[in-house]
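Hi there,

Here is the structure I promised to pass on. Have a look at it first, and then read my notes below.

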Amino acid sequence: MARASAVALPDVSSPGDGLTRPLRYSYNLPLVPRAPRELPVTPASNTTVPHSIGLGLRRSLVEEWRDLEQQGYGNQPRPEFIEVTPENWMGLGGKFRRNLAYFTERYPVYAHGLSLSIGGPTELDMAFVDRLKTFLDDCGVIEFSEHLSYCTDHGHLYDLMPIPFTEAAVQRVCERILRVQDRLKRQIALENVSFYAMPAPEMTEAEFICAVLERADCKLLLDINNVWVNSVNHGYDPKAFIEAMPGARVAYQHIAGHLQISDRQIIDTHGTDVSDPVWDLLAHAQATLGPRPTVLERDGNFPPLSSLLGELAEMGHILNGTARGTPGDAPAEITV
Ligand SMILES: [Fe+2]
């Protein structure tokens, strides 16, 4: 984690001890004046959201998904929105462009970026942000999210690195989020990421996330699987973590599968079915925060699409508070 020092860190203090400590930082000094800004093109979290179960559009799913779209879904639920990764589609023509258009013409679109590197030690790539804005506008994207992490250091690292949970990092990340939001002319949502080391923490993960959301006036993409993975790997209460999140800022949620190595170690893979503890935690989030649009992320070891639709049915039952384990009924419209 030597790269973390590039974020201008103070000296190491004691490690975080979960969610038991009170907030130690005062947020009396906002980074910018809270004058009204021209932001939301996107719906606010307290408005009616006409879709609740979403599926990540992956290139490897396109052919089978399009066949299903043409043949009908039978007794399985049709996804109510899609989530796309801009970097996988931006600037592509030919069949890639046609495939993307096929789905964006039929579904509400959320977008989840990979390479913004909001916590990175090097300068933001604002030319990339401009291209991103064009993509988001062209696709009519409702919500755009990125990872509260970094992935560059004078070049792409091709991984999501943890931002140190420090006051200096909060300040730096918030400045960068505000710049991006102003350029995109929209609020963005930042995702709580899975991580395997906690470089020089001055505060807990929950305190860090809450500070960033408040001071940058941005939204949260709450990844339920990441909460579970981190809670096992770092030994904290995942339900208390969710209860500590500011509900009004939760734009939407992710769930995914992971690889359990041992009782105390999980690798975040997105390559397996969603596990029972993650379903249970989604139910807790639903009870605590209310239903939110939720995306099933699957990035490898793909099963038949029918298997993913079965997981969407399970998700719908949880979000609607109906009986689980009886796939087939698409959930009704929700209001959050
Ligand atoms: Fe995620």
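Predicted model: local features only at pLDDT ≥ 70, side-chain atom pairs only at ≥ 80, totals over all residues.

Residues are numbered from 1 along each chain as its sequence is written.

**The overall picture**

The chain has nine helices and 14 strands. Both are DSSP runs numbered from the N terminus: helices are H or I with at least four residues, and strands are E with at least two. Of the 336 residues of the chain, 43% count as buried. Two residues are in contact when their C-beta atoms, placed from the backbone, lie within 7 Å. Of the contacts between residues at least 6 apart in sequence, 84% join residues at least 24 apart.

**The barrel**

Eight strands close into a barrel, with parallel pairing, in the order β2-β3-β4-β5-β8-β9-β10-β13. On average, neighbouring strands of this sheet are turned by 30° against each other, direction ignored. For angles in general, axes are lines fitted to C-alpha atoms (for helices, over the stretch in contact), and values run from 0 to 180 degrees between N-to-C directions. Helix α9 (residues 305-320) packs on the sheet and touches β2 (53-56), β10 and β13 (294-297), its direction making about 150° with that of β13.

Five of its five residues are buried, so β9 is largely enclosed by the rest of the structure. Lys219, Leu221 and Asp223 point one way from the strand, and Leu220 and Leu222 point the other way. On one pairing, β8 (residues 189-191) runs parallel to β9 over three bridges, and Leu190 stands opposite Leu220. On another, β9 (residues 219-223) pairs in the parallel sense with β10 (residues 250-256) over four bridges, where Leu221 has Tyr252 as its bridge partner. Pairing here requires that DSSP finds at least two bridges between two strands.

In β10 you will also find Ile255. Ile255 is buried, because 26 other C-beta atoms lie within 10 Å. Beyond neighbours within four places in sequence, the contacts of Ile255 include Ile224, Val274, Leu296 and Met315.

**Two helix pairs**

The axes of α6 (residues 224-234) and α8 (residues 276-289) come within 9 Å and cross at roughly 115°. Ile224, Asn225, Val227 and Trp228 in α6 meet Pro277, Val278, Leu281, Leu282 and Ala285 in α8. By class, that contact has eight nonpolar, one polar and no charged residues. The classes are: Ala, Val, Leu, Ile, Met, Phe, Trp, Tyr, Cys and Pro nonpolar; Asp, Glu, Lys and Arg charged; the others, Gly among them, polar.

For α3 (residues 126-139) and α4 (residues 167-184), the axes come within 9 Å and cross at roughly 45°. Met126, Val129, Lys133 and Leu136 in α3 meet Val180, Arg183 and Leu184 in α4. The classes in this contact are five nonpolar, no polar and two charged residues.

**Loops to look at**

Ser117 is in the loop between β4 (109-112) and α3, and is buried, with 25 other C-beta atoms within 10 Å. Most residues other than glycine have a negative phi.

Finally, Pro246 is in the loop between α7 (238-244) and β10. Pro246 is partly exposed, with 14 other C-beta atoms within 10 Å. Leaving out residues up to four places away in sequence, Pro246 touches Cys210 and Leu213.

Conventions: Buried ≥ 20, exposed ≤ 12 C-beta atoms within 10 Å, placed from the backbone.
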